[in-house]
Amino acid sequence: MTEAKEEYTDRPVPEQARLGFLKPALVWAGFAHAYICIFIGSQIMGGLGAPLGYVAIVGGQVFLFAYSGLIAHRGAKLGLNFSMMCKAAFGKHGYVVPVILISGLVAGWFVFQAWLAADLTVGLYGGKSFNAGHGSGVLPGILGTTSFWAGLWAIVFGLFAVYGMNAMASLGKFAVFAVAALEVWMIYSILVVVATHTGGNPLVSPVVGKHWTFALGFTASVGTFIVSSTMTGDFVRWTKSPKQAWAVTGVAFPVCNMITLLIGGIYTAVAGHLDFFFGLAAVAFGIPIMVMQWLSNGSVCDGCLYNAGQGFRNLTYYVSKGKINFSWRKVTMIIMFVGAAVAVSNLITNIVPWLNTLGVLVPLVGGVLIGHYWIVARKNNINEHMLAADKKFNIPALIGLGVGLAIAIVIQFTYSDLPAVIGGLIGGIGVYPLIAKITGYYKNARLTEKGLGGKIGYGTAGAMDNAPTFPGAGV
């Protein structure tokens, strides 16, 4: 199997550098086994009850599979990461907005996952946590605070992303099997030990606490990975074919992420309350549950940081016209240390508003990517896509983004029974291709000269066989 010698931040991954199915799948599998998703599944079930909670969970994961898979297919076929896909779709100036938005949000996920790992550590072994209760006091003084562990975990977990896909795959390999074994243990404990004490039924349960709309439950399920599923090109471009990319997507959604959500849902249906440790904190001093959350949160942290590093490295280079030419590794380390500082400050502590925000904003970009690569420019080759990336703005794409945002806001505040993700899809898959067709940007699933900003052969930088090598891009 070929080893990745560079991260290809600024150019397509050539065929000879592709890693195949296993390593991207291990990264996504470790990534999607997120401990926070167990708690999100618990909250969905608490707000909807069973069986409606299960419908929201499964429906959200099916949506993620189709949404992410469509983006992954084109990313793998062309060898493009998320930033380069955006550059070809929005233009070299227009892509700044979506890349800053999505890279910033995924950096926020990195911060939250490190902070959550810290808060759970304190909730079991330290002093007073924010969400997980009072710990045992085994960790005294500053060692028993969320801030201390948030900074530490952000750096420890982030270093795997700094060293790239191979290091992340190594962590993913260990994390997947360890977390899967612990998940089996959790399911058994919940259905046998917890159910024996509560008499609860996993298939039928009432609402626990505040009632949720189905749209909010669906959005919460989607929001677990809507950011990184939009940035899936960063991972699946390493596969050797679109079929492998779809298979990698299936590993993430619905399989791994749905399992974590369902575990939390089953617990709340059986136990009738919410609990960050799912009634298992006292088993073997809580060590199994801690190992599980460290491994799963660690894998999520490195995946999110990798996404953010890819986005900001690409963006800083092109926006500065090459004047800011930090290596990908240096940019990723900067984000890691800034993220550690934010995690220490305890700024992000509530997950539900965060999930709602993601559900409104992120599909705006993903919708345009799907509309561009499957409708507007489906038949264009890599050379033509790279030529389009040199065009300053793709006006129809930006209009589609804006209309999608308006629709999403109206849905969010007026039609609360509809998921806000619909807005982004309407803007990107409906409005954008329609305007592009009317204005002559494409014809028969191929960008015209107007859409490309020129003819092939004139200024075609970035073609697969003659892709430029940027200083610092190879580390």
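Predicted model: local features only at pLDDT ≥ 70, side-chain atom pairs only at ≥ 80, totals over all residues.
Residues are numbered from 1 along each chain as its sequence is written. Local features need pLDDT of at least 70 and side-chain atom pairs count only at pLDDT 80 or more, while totals for chains, interfaces and linings use all residues, and side-chain values use heavy atoms, without hydrogens and water.

Helix 14 (residues 351-376) packs against helix 17 (residues 421-438) at an angle of about 35°, the axes lying 7 Å apart. Helices here are DSSP runs (H or I, at least four residues) numbered from the N terminus, and axes are lines fitted to C-alpha atoms over the stretch in contact, with angles from 0 to 180 degrees between N-to-C directions.

Turning to the second largest pocket, its space is about 190 Å³. A pocket is an open set of points on a 1 Å grid where a 1.4 Å probe fits, with protein on both sides within 12 Å along at least five of seven lines; lining residues have an atom within 4 Å of a point. Helix 13 gives the largest share of this lining, six residues.

The structure also holds 25 aromatic pairs (ring centres within 6.5 Å). Trp 28 and Phe 253 form an edge-to-face pair (planes over 60 degrees apart), because their ring centres are 5.2 Å apart and their planes at 70°.

How values were computed
Points joined across faces, edges and corners; volume = space filled by probe spheres on them. Helix = DSSP H or I, 4+ residues; strand = E, 2+ residues; numbered from the N terminus. Phe/Tyr/Trp six-rings, centres within 6.5 Å; stacked < 30°, edge-to-face > 60°.
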